[in-house]
Amino acid sequence: MSSANQSIPVLVAGALGRMGSEVIKAINSSKDYQLVGAIDNQKEKEGQDIGSLIGIGPLNVFISSDFEGSLCAASQNVPKDGSTNGPVLVDFTHPKVAYKHTRTSIAYGVHPVIGTTGITTDQLEDLSKFAEKASLGSAIIPNFSVGMVLLQQAAASAARFYEFAELTEMHHNKKADAPSGTCIKTAELIEEQRSAFNKPLVTEEESIEGSRGGSRPSGLRLHSVRLPGLVAHQQVMFGSNGETYELVHNTIDRSAYMPGVLLVVKRIRSFNKLVYGLEEIL
């Protein structure tokens with residue numbers, strides 16, 4: 001077990017959100033990590049102790065809405081004795097700021113671990129080049145669940161045998177982006193095995209636009225559901241003559257993500273590039 005002086009310094013952006021709060025609780029429960037910053041844009045909570053706000057008692061870490069200032073302070077407070085000793089940012093904020101937060105974190109020498117989805121392919125390519133130039137381990141993880149990684153691997157394997165497939169993802173109704181980054185990542189892994197799916201057999205007509213979901217260039221169709229009461233759920237369905245093959249993953253509670261989050265935080269400092277997806281860390 002690491003000593004207090006060897007523990008990994010971690011900042012959490014979106015600290016008052018559902019995922020951010022879970023991350024702080026997980027960090028606080030392990031001696032391998034030390035919370036050094038709590039960032040959130042709820043300015044009415046500025047200066048208040050994050051531990052008291054999320055119900056785990058005072059942590060002597062106070063809410064700040066100054067993203068860059070928090071990164072700067074964390075970077076300056078860590079002894080400069082090697083790249084594997086740098087602070088780590090865990091970010092669960094909003095798709096609109098995910099790209100900017102990642103780039104800014106790299107610029108300050110803080111290893112970003114981004115759980116916010118919505119980063120485009122072009123942005124991902126730019127961030128990959130920027131991280132490589134800085135030789136700074138960085139991670140964009142659409143889903144921190146080990147079970148989801150196993151589903152994606154199984155889906156990629158099945159894609160070699162099925163020409164017809166559709167994906168459905170279901171989330172709570174406060175999720176801003178659709179389809180989810182996890183669903184897009186799953187589609188990309190499937191497409192690595194086969195370039196074309198769902199050859200049309202009839203001329204389809206939608207009586208309500210969008211009824212057949214979103215169609216990717218490969219022909220894969222992605223469907224999104226948003227309802228209160230849901231957490232995160234994904235289904236991949238393959239079809240062939242006389243059979244269907246279904247893969248389903250259900251997240252019942254956000255605590256399921258915490259082992260994956262902590263694993264990425266621990267390992268990302270040994271990388272010198274950007275990694276995309278939990279499977280690159282495992």
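Gly 109 touches Pro 87 and Leu 136, leaving out residues up to four places away in sequence. Contact here means heavy atoms within 4.5 Å. The model is predicted: local features need pLDDT of at least 70, side-chain atom pairs count only at pLDDT 80 or more, and totals for chains, interfaces and linings use all residues. Numbering starts from 1 along each chain as its sequence is written, and side-chain values use heavy atoms, without hydrogens or water.

Gly 109 sits in the loop between H4 and strand E5 (111-114). Helices (H or I, at least four residues) and strands (E, at least two) are DSSP runs, numbered from the N terminus. With 29% relative accessibility, Gly 109 counts as partly exposed. That class lies between buried, under 20% relative accessible area, and exposed, over 50% (1.4 Å probe, protein chains only). The C-alpha atom of Gly 109 is 8.8 Å from that of Cys 72, and the two residues are 37 positions apart along the chain.

## Cysteines

Is Cys 183 buried or exposed? Cys 183 is buried, at a relative accessible area of 0%. Cys 72 is partly exposed, at 26% relative accessibility. The disulfide count is 0, where a disulfide is a pair of cysteine sulfur atoms within 2.5 Å.

## H3 against H4

Helix H3 (residues 67-76) and helix H4 (residues 95-107) pack at about 30°, and their axes are 10 Å apart. Axes are lines fitted to C-alpha atoms, for helices over the stretch in contact, and angles run from 0 to 180 degrees between N-to-C directions. H3 and H4 are therefore roughly parallel to each other. The angle classes are roughly parallel (under 35 degrees), roughly antiparallel (over 145), roughly perpendicular (65 to 115) and oblique (the rest).

H3 passes H4 in a right-handed crossing. Right-handed means that the near helix is turned clockwise from the far one by less than a right angle; left-handed means anticlockwise. On the H3 side, the contact uses Phe 67, Glu 68 and Leu 71; on the H4 side, it uses His 101, Thr 104 and Ser 105. By class, this contact holds 2 nonpolar, 3 polar and 1 charged residues. Nonpolar covers Ala, Val, Leu, Ile, Met, Phe, Trp, Tyr, Cys and Pro; charged covers Asp, Glu, Lys and Arg; the others, Gly among them, are polar.

Val 97 also lies in H4. Val 97 is partly exposed, at a relative accessible area of 29%.

## H6 against H7

Helix H6 (residues 146-158) packs with H7 at an angle of about 30°, and the axes are 8 Å apart. H6 is therefore roughly parallel to H7. The crossing is right-handed. H6 contributes Met 148, Leu 151, Gln 152, Ala 155 and Ala 156, while H7 contributes Thr 182, Lys 185, Thr 186, Leu 189 and Ile 190. The residues divide into 6 nonpolar, 3 polar and 1 charged.

## Two H7 residues

Thr 186 belongs to helix H7 (residues 181-191). Thr 186 is buried, at 0% relative accessibility. Which residues does Thr 186 touch, not counting those up to four places away in sequence? They are Leu 151, Gln 152, Ala 155, Leu 167, Gln 234 and Val 236.

Leu 189 is also found in H7. At 16% relative accessibility, Leu 189 counts as buried. Leu 189 is in contact with Gln 152 and Ala 156, once neighbours within four places in sequence are set aside. From Leu 189 to Ala 155, the C-alpha separation is 7.9 Å, across 34 residues in sequence.

## H1 against H8

The axes of helix H1 (residues 18-28) and helix H8 (residues 258-267) come within 10 Å and cross at roughly 65°. H1 is therefore roughly perpendicular to H8. The crossing of H1 and H8 is right-handed.

Met 19, Glu 22, Val 23, Ala 26 and Ile 27 are the H1 residues of this contact, and they meet Met 258, Val 261 and Leu 262 in H8. By class, the contact of H1 with H8 has 7 nonpolar, no polar and 1 charged residues.
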